[in-house]
Amino acid sequence: MVSQSSSAYDYPPENIALRHLAVILDGNRRWARSNGQSTSKGYQHGGNRVLDLLNWCLDITDLEVVTLWPLSTENLRRPDTELDRLFRVIADTTHAIAATQQWRIHYLGVPERLPAQWTSILLSAAGETAHIVGPTVNIALAYGGHDEIARGVQRMLLAHRTAGTLDHLAQYIDPADIARYLDTTGQPDPDLVIRTSGEQRMSGFMPWQTAYAEYYFCPVNWPDFQQTDLIRAVSWYRHRARRYGR
């Protein structure tokens, strides 16, 4: 776990695989305040940076999945006027990602908790990328880690009740049984998690999947995140000795 970036490197040899990169996009409002801008401008700059990040990630040759977390379940408690601006940026950014035709869009969380007009746009954007075989971008919307696990366990129990196998599940349940019903089913777990803005906490982000992830805390606010910051994070990760609790 690191809280400061080291000196920049070119992407190092792939001696440690990086199949799944997750990024907590933190610091949009903080950036707006420090630059004398409106919250809306902070969100807009953050949305533009997402497209930059995904373009930079195309150079990470072993990368299969990028997860972005722009909206938590707790964020839904913010004032309606602020949320409407944020929803608009998320929808516009997602539509722009779909237009590149380079990423398959998959949602974590419950995007249907957003107002219907935004949900419709988001689901349409994902549909435009359903045919893409290349890398996946997970967009976590109305997402909370505890909420995801609760929803996953509910789906698992309903499936086993329908199959008449609840008794078997109760006796033989293991972690793989739960993982199959989470929002990331079929994907590798995150290898590296980057959180911007200098905050050193996970805030309920993917607690199940990141049990053995490497955490990198970048001091810059998300709209100021540069390719050099990504290179430093990936270079730091490539030099880690991953022990998985051993």
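# Reading a sheet and its helices

Student: Let me start with one residue. Which residue stands opposite Ile24 in β2?

Tutor: Ile24 faces Trp69 in β2. Keep in mind that this is a predicted model. Here is the general idea: strands of a sheet pair through backbone hydrogen bonds, either parallel or antiparallel. In this structure, strand β1 (residues 20-24) pairs with β2 in the parallel sense, over five bridges.

Student: How many bridges join β2 to strand β4?

Tutor: There are four bridges between β2 and strand β4 (residues 136-141), and these two strands run parallel. To find one of the partners, look at Val66: its bridge partner in β4 is Val137.

Student: In what order do the six strands of the open sheet come?

Tutor: Reading across the open sheet, the order is β3-β4-β2-β1-β5-β6, and the pairing is parallel. The strands at the edges are β3 (104-109) and β6 (214-217), each of which pairs on one side only. From one strand to the next, the twist averages 20°.

Student: Which residue of β6 is the bridge partner of Leu192?

Tutor: That partner is Glu214 in β6. Strand β5 (residues 192-195) and β6 pair over four bridges, in the parallel sense. While you have the sheet in view, look for α2 as well: this helix packs on the sheet, where it touches β1, β2 and β4. The direction of α2 makes about 165° with that of β2.

Student: Back to β2, then. Why is strand β2 described as largely enclosed by the rest of the structure?

Tutor: A residue counts as buried when its relative accessible area is under 20%. Five of the five residues of strand β2 (residues 65-69) are buried, so the strand is largely enclosed by the rest of the structure.

Student: Which residues of β2 lie on one side, and which on the other?

Tutor: The general idea is that in a regular strand the side chains alternate between the two faces of the sheet. In β2, Val65, Thr67 and Trp69 are on one side, with Val66 and Leu68 on the other. These residues are all buried, and both faces of β2 are covered.

Student: Now the helices. At what angle do helix α3 and helix α4 pack?

Tutor: Helix α3 (residues 80-100) and helix α4 (residues 116-127) pack at about 15°, and their axes are 9 Å apart. That angle makes α3 roughly parallel to α4. Where α3 passes α4, the crossing is left-handed. On the α3 side, the contact is made by Asp84, Phe87, Arg88, Ile90, Ala91, Thr94, His95 and Ala98. On the α4 side are Trp118, Ile121, Leu122 and Ala125. By kind, the residues of the contact of α3 with α4 are eight nonpolar, two polar and two charged.

Student: Is the crossing of α2 and α3 left-handed or right-handed?

Tutor: α2 passes α3 in a right-handed crossing. Helix α2 (residues 39-57) and α3 pack at an angle of about 20°, with 9 Å between their axes. The two helices are therefore roughly parallel to each other. Among the residues making this contact are Tyr43, Val50 and Leu54 of α2, and Leu86, Val89 and Ile97 of α3. The residues of the contact of α2 with α3 divide into eight nonpolar, five polar and two charged.

Student: What is the phi of Ser203?

Tutor: First, the background: most residues other than glycine have a negative phi. Ser203 is a residue other than glycine, yet its phi is positive, near 55°. You will find Ser203 in the loop between β5 and β6. Met206 also has a positive phi, of about 45°, although it is not a glycine. Met206 too has its place in the loop between β5 and β6.

Student: Is Met206 buried or exposed?

Tutor: Met206 counts as buried, at 0% relative accessibility. Ser203, at 38%, counts as partly exposed.

Student: And where is His146 found?

Tutor: His146 is in helix α5 (residues 145-163). With a relative accessible area of 68%, His146 is exposed. Asp174 is partly exposed, with a relative accessible area of 36%.

Note on methods
Residues numbered from 1 in each chain as written. Predicted model: local features only at pLDDT ≥ 70, side-chain atom pairs only at ≥ 80, totals over all residues. Heavy atoms only, no water. Buried < 20%, exposed > 50% of the residue type's maximum accessible area, 1.4 Å probe, protein only. Pairing = 2+ DSSP bridges. Axes fitted to C-alpha atoms, helices over the stretch in contact; angles between N-to-C directions. Parallel < 35°, antiparallel > 145°, perpendicular 65-115°, else oblique. Left-handed = near helix turned anticlockwise from the far one by under 90°. Contact = heavy atoms within 4.5 Å. Nonpolar A, V, L, I, M, F, W, Y, C, P; charged D, E, K, R; others polar.
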